[in-house]
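Subject: Structure handover and notes

Dear colleague,

I am passing on the structure below, followed by notes on what was found in it. Please read the notes with the coordinates open beside them.

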Amino acid sequence: MSKVILVTGAGRGLGTDIVREALAAGHQVVATGRRPEEVEKSVGGPQDNLLVTKLDVTSLEDAEAAAQAAVDRFGRIDVLVNNAGNFFAGYFEEITPAQMRRQIETNLFGPMNVTRAVLPVLRKQRAGHIITLSSSAGLIGQEFCVAYAASKFGVEGWMESLRYDIEPYGIHTTVVEPGFFRTELLVDASTTWPEPTIDDYAERTTATVAAWKNMNGRQTGDPAKLARALLAIADQDKPLLRFVAGADAIEGVEAKAKELLAQAQASRELGGNLAYDDTTA
């Protein structure tokens with residue numbers, strides 16, 4: 001069945017693939033980005049089932065205008081795909097407080113802004129689906145990813161809890177945790193690379209930046225396949241609550257689950273019963 005799908009960050013990478021795959025499948029698509037002319041060019045130009053509109057996810061006003069434009073053009077919104085994001089790489093001490101705030105502003109408050117704008121439409125319909133791109137870094141802490149992981153761990157907690165707020169109104173949620181896909185996250189337009197500023201980190205920073213730049217375009221994951229998988233989830237009667245995407249992500253999550261279980265057992269042995277006992281006072 002044809003749906004109205006609003007996609008953020010549609011100008012490049014996975015966002016572009018989602019829009020193209022959705023249009024090919026017969027859906028009506030609202031493709032958004034900070035530069036609409038670039039978005040339209042990247043998704044193949046004007047099309048009957050396509051609305052391209054400006055949306056900087058850090059602006060609630062932009063989000064509200066995009067949601068209204070979608071309703072004005074197509075009459076409803078069925079699926080929101082929160083895809084837009086960026087990456088501030090580096091070790092914690094070399095990431096400035098301003099950069100940390102910008103990372104969280106885009107990757108966490110950005111999808112919150114768009115979801116806040118779209119939810120009144122979905123509640124009125126008593127139907128809808130919010131899909132938000134997190135990352136395996138939202139479940140597993142990684143070297144050189146402290147800012148990005150902080151933002152994505154926030155996405156995980158927000159989405160997991162949002163589910164309970166909106167399920168009574170027929171609105172589904174899915175959080176997506178991809179591993180390494182060729183999504184252009186590591187290109188300079190999406191990534192802010194650190195300059196070595198602290199001697200202790202300089203050698204590691206230089207080597208890690210070089211290795212990650214060399215990885216760009218060689219990631220094993222195919223973004224077109226990921227886009228098709230997201231559309232399949234959007235068609236499910238009971239969509240997955242979370243989608244761990246890619247063999248590397250699944251392997252990492254399985255290892256993290258085992259680690260958590262081991263830590264829980266160790267915690268039980270150390271102090272499983274810490275309830276207040278007034279007989280010991």
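In what follows, contact means heavy atoms within 4.5 Å; axes are lines fitted to C-alpha atoms, for helices over the stretch in contact, and angles run from 0 to 180 degrees between N-to-C directions. Helices (H or I, at least four residues) and strands (E, at least two) are DSSP runs, numbered from the N terminus. Please keep in mind that this is a predicted model, in which local features need pLDDT of at least 70 and side-chain atom pairs count only at pLDDT 80 or more, while totals for chains, interfaces and linings use all residues. Residues are numbered from 1 along each chain as its sequence is written, and side-chain values use heavy atoms, with hydrogens and water left out.

With those terms in place, helix 3 (residues 60–74) lies across strand 1, strand 2 (28–33) and strand 3, and runs at about 160° to strand 3.

These strands belong to an open sheet of 7 strands, ordered 3-2-1-4-6-7-9 with parallel pairing, where two strands pair if DSSP finds at least two bridges between them. At the edges are strand 3 (50–54) and strand 9 (242–245), each of which pairs on one side only. On average, neighbouring strands of this sheet are turned by 15° against each other, direction ignored.

Within the sheet, strand 4 (residues 79–82) pairs in the parallel sense with strand 1 (residues 4–7) over 3 bridges, and with strand 6 (residues 128–133), again in the parallel sense, over 4 bridges.

Turning to the interior, a nonpolar core is a set of buried Ala, Val, Leu, Ile, Met, Phe, Trp, Tyr and Cys residues joined through side-chain atoms within 4.5 Å. The largest such core has 29 residues, of which Ile77, Val114 and Ile130 touch the most other members. Two or more residues come from each of strand 1, helix 3, helix 4 (97–125), helix 5 (146–166) and strand 7 (171–178), and helix 4 gives the most, with 7 residues. Leaving aside neighbours within four places in sequence, valine 114 is in contact with Leu6, Thr8, Leu55, Val57, Ala63, Leu80 and Asn82. A second, separate core of 28 residues includes Leu226, Ile233, Ala234 and Ala245.

The axes of helix 4 and helix 5 come within 8 Å and cross at roughly 20°. The two helices are therefore roughly parallel to each other (angles under 35 degrees count as roughly parallel, over 145 as roughly antiparallel, 65 to 115 as roughly perpendicular and the rest as oblique).

Arginine 126, in the loop between helix 4 and strand 6, has a positive phi of about 60° although it is not a glycine. Phenylalanine 144, in the loop between strand 6 and helix 5, has a phi near 75°, likewise positive in a residue other than glycine, and at 2% relative accessibility phenylalanine 144 counts as buried.

With best regards

Note on methods: Buried means under 20% relative accessible area, exposed over 50%, partly exposed in between (1.4 Å probe, protein chains only).
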